[in-house]
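Reader: Please take one residue in this model and look at it closely. Then set it against the whole chain. Keep it brisk.

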Amino acid sequence: MKEIGDLLDEINYEARSGMIDCGLKHWLYYTSSIVKDREYTFNDVRKEYEGVLVPCLRIANKDALVDKISEYLDIAESFYDELDYDRVSDIHKYTIATLFSNMTIDDFNNPDMFIKRRIAFLQDNTLRHFNVPRDIGYSNIFDANIEVELRKEPIFMETPYGMYISMIKYTEEGRKLSYPLPVVRFGIDKTDAYFYAIQKDQSEEMPNDKDFLNFGKKIRRKMYGIGTGLTDEERGIKTIDNIHEVSPWAVIALTIALGLLKKFGVGKAYAYPLLLNRYNANVIYSHEELERLKDVDDEIYIEVKEHLLYLKNNINVIQENITDKFIRTFRRIGYHFPGINIDDVSLVENFVLKMHVNDGDRCNNPLLDEMFKLGTCYNYGEVKRLN
């Protein structure tokens, strides 16, 4: 097995061309610089791509970074399952590559601190109570109970865990109906939470029958109650500063998550609206795969090529929509809760949104007020209705 220092050199070299070979392709693109004789030696990209921004991995002390990577590998490879490494020829290499995919620009400037934080994500037990599904209480507004589960995520996802939240109700016959909200993906380091995504669970399939359909319609109809408390002035803003154009289910899921985190002593949050190497990966993937398939006429690849072409031509619009909506989701909650403070300056300076969850009092939206309190008033299995 390769030494970790040699493996890091290999990854740094391959990343300059945009693809790490781990037995399967992992798209990762960055330059690197390392201190030698008290000066940084810069290694530029070996292959250029249009429309990508290239981060630079700054290695101030290679030995210290290698030690931190080694520590991460021991913990991560015990955490993830055998299925996470299906078709992977070099487990160490793939584990490092997937780790680096989640770095922000600031993380590339300080990789040691980044890896230390990711280790904390893997080892954190703050929400271990939710390793099995827990009913956190009854919602008067939705006439449904809220079920929360913290699930381990695949290695290629943004965080080791995702919070899965569902509205649930039992029929008179005892059948359990469920309406899933978007998955909230975050990691915890001590009393700080780091949010990376709020996404629909693509693997979740709702049964196509009358009970589930009617329950889903009821839930969706009541979700638009998040509009209460929003002024006409705010509704009219159509720039990036608008907080009107959000997904109600994403706002509700995040509100529940923030309430639970507050209950368990986590009061500060950081939200990352863009992971540059995940954006770069989509650009490079669509470019390289279209180039590889350009002379292939087999009909089986027609849809694949159409998808790749669409991705290539629309990646900036897709990413902009995802990024803007992610930011608006947090800012919308800050608007309704005076006790939840948003630091917009950090978003401009470092492209990270900081949030201090001081309290949930004086919320001007009854629906969000109830959702937040379901989290903060949760009593470890003792379910109470909020009347």
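Author: Start with a side-chain pair. The side chain of asparagine 12 makes a polar contact with the side chain of tyrosine 30, at 2.6 Å. The model is predicted, so that distance is a computed value from a predicted structure.

Where does asparagine 12 sit? Its place is in helix α1, which covers residues 4–15. Is asparagine 12 buried or exposed? Its relative accessibility is 7%. Buried means under 20%, so asparagine 12 counts as buried.

Now the surroundings. Set aside the neighbours within four places in sequence, and asparagine 12 is in contact with Tyr30, Ser32, Leu57 and Ile59.

Step back to the whole chain. Its secondary structure comes to twelve helices and 14 strands. Of its 387 residues, 52% are buried. Take the contacts with a separation of 6 or more: residues 24 or more positions apart account for 66% of them.

Next, the overall dimensions. The radius of gyration is 22 Å. A compact globule of 387 residues would have one near 21 Å, so the chain agrees with that expectation. Along the principal axes, the C-alpha atoms fill a box of roughly 65 × 55 × 45 Å.

Last, the surface and the charges. The chain exposes about 19400 Å², and carbon and sulfur atoms supply 47% of that area. There are 50 positive and 64 negative charges. Their mean positions are 5 Å apart.

Technical notes
Residues numbered from 1 in each chain as written. Predicted model: local features only at pLDDT ≥ 70, side-chain atom pairs only at ≥ 80, totals over all residues. Heavy atoms only, no water. Helix = DSSP H or I, 4+ residues; strand = E, 2+ residues; numbered from the N terminus. Buried < 20%, exposed > 50% of the residue type's maximum accessible area, 1.4 Å probe, protein only. Polar contact = N/O pair within 3.5 Å; in protein donor to acceptor, adjacent residues only side chain to side chain. Contact = heavy atoms within 4.5 Å. Rg over C-alpha atoms; globule rule 2.2 N^0.38 Å. Areas by Shrake-Rupley, 256 points an atom, 1.4 Å probe, with all protein chains shown as cover. Lys, Arg positive; Asp, Glu negative; His and termini not counted. Charge placed at Lys NZ, Arg CZ, Asp CG, Glu CD.
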